[in-house]
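Here is my notebook from an afternoon of looking things up in one structure.

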Amino acid sequence: MSTDTLTQPWLVVIDMQTAFADPDSVWGIPDYGTIEPVVSELCERFAGRTVITRFVPDPEEPGQWAAYYDRWHSMRCSANSPLWNVTIPVLPGTPMVTLPTFSKWGDQLDRITAGAPLTICGVATDCCVLSTALGAVDAGRAVTVVSDACAGVSEEHHRATLALLELLSPMIEIRSAAELIGNTVRSGQISRPGEQM
């Protein structure tokens, strides 16, 4: 494997799914609609080096997962439920990691990204993004979290989680989408240089 391949980052899109997009869902993320176009633009820019992740419940509900779903009983849905559909366009051939855990880090994501730095976006900042980032840095990966391509259960929790992650620099870096792709990002819209907002 070439050194260039190892230094080119992979985009990891965490759980951009109906369960978190739907404002009527108990797991709905208020700013999901704001970040969705930013995440989609990042996917275009990272074409060929993007991994999409999905959360689905484990019907066995091992250990404390049973108590968790007692709290969120309406989310006890099969893996085939439309709740777990991805809401952003997925390019053909894009690998997908589906797990019943908050963290999407593991053998599959490790193998797909093959030692490369990871650029992480998606939902929720204070849950699955956080746990995936921590798993990756524990494994020695360089991680960048895209601040305006993530959203939490509230703006307060989103900002608090980013502040926590910043403490782990240089293992984790916080960057905006504009810093990564050289575009202007405002209110969930991205314009390329020379275009009007």
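My entries follow, in the order I made them.

**Before starting**

I note that this is a predicted model, where local features need pLDDT of at least 70, side-chain atom pairs count only at pLDDT 80 or more, and totals for chains, interfaces and linings use all residues. Residues are numbered from 1 along each chain as its sequence is written, and side-chain values use heavy atoms, with hydrogens and water left out.

**Salt bridges**

I looked for salt bridges, meaning a side-chain nitrogen of Lys or Arg within 4 Å of a carboxyl oxygen of Asp or Glu. The count came to seven.

I checked R141 and D110, which form a salt bridge with their closest N and O atoms 2.7 Å apart. This pair links distant parts of the chain, 31 residues apart: R141 sits in the loop between α6 (125-138) and β5 (143-151), and D110 in helix α5 (residues 107-113). For these labels, helices (H or I, at least four residues) and strands (E, at least two) are DSSP runs numbered from the N terminus.

Is R141 buried or exposed? R141 is buried, at 6% relative accessible area, while D110 is partly exposed at 35%. My cut-offs: buried is under 20% relative accessible area, exposed is over 50%, and partly exposed is in between, with a 1.4 Å probe and protein chains only.

I then turned to R159 and E155, whose side chains meet in a salt bridge of 2.7 Å, N to O. Both lie in helix α7 (residues 155-166), four residues apart, which is about one turn of the helix. R159 is exposed at 56%, and E155 is partly exposed at 35%.

My last stop here was D70 and R76, a salt bridge with the closest N and O atoms 2.8 Å apart. R76 is partly exposed, with 37% relative accessibility. E61 joins D70 and R76 in a network of salt bridges.

**Surface patch**

I found a nonpolar surface patch of about 450 Å², made by L134, L164, L167, L168 and M171. Patch members have over 30% relative accessible area and no salt bridge; like charges are joined within 9 Å, and nonpolar side chains (Val, Leu, Ile, Met, Phe, Trp, Tyr) within 5 Å. The areas come from the Shrake-Rupley method with a 1.4 Å probe, and for residues only the protein chains shown count as cover. I looked up M171: it lies in the loop between α7 and β6 (172-175) and is partly exposed at 41%.

**Pocket and cavity**

On a 1 Å grid over the protein atoms alone, a cavity is a set of points where a 1.4 Å probe fits but cannot get out, and a pocket is an open set with protein on both sides within 12 Å along at least five of seven lines; lining residues have an atom within 4 Å of a point. Points are joined across faces, edges and corners, and a volume is the space filled by probe spheres set on them.

The largest pocket holds about 350 Å³. Its lining has 17 residues, with W27, Y68, A124, C127 and V153 nearest the centre. α4 (65-71) and α6 are the elements giving two or more residues to that lining, and α6 gives the most, with three.

I counted one cavity of 30 Å³ or more. The largest cavity has a volume of about 60 Å³, and its lining includes C43, F46 and P89.
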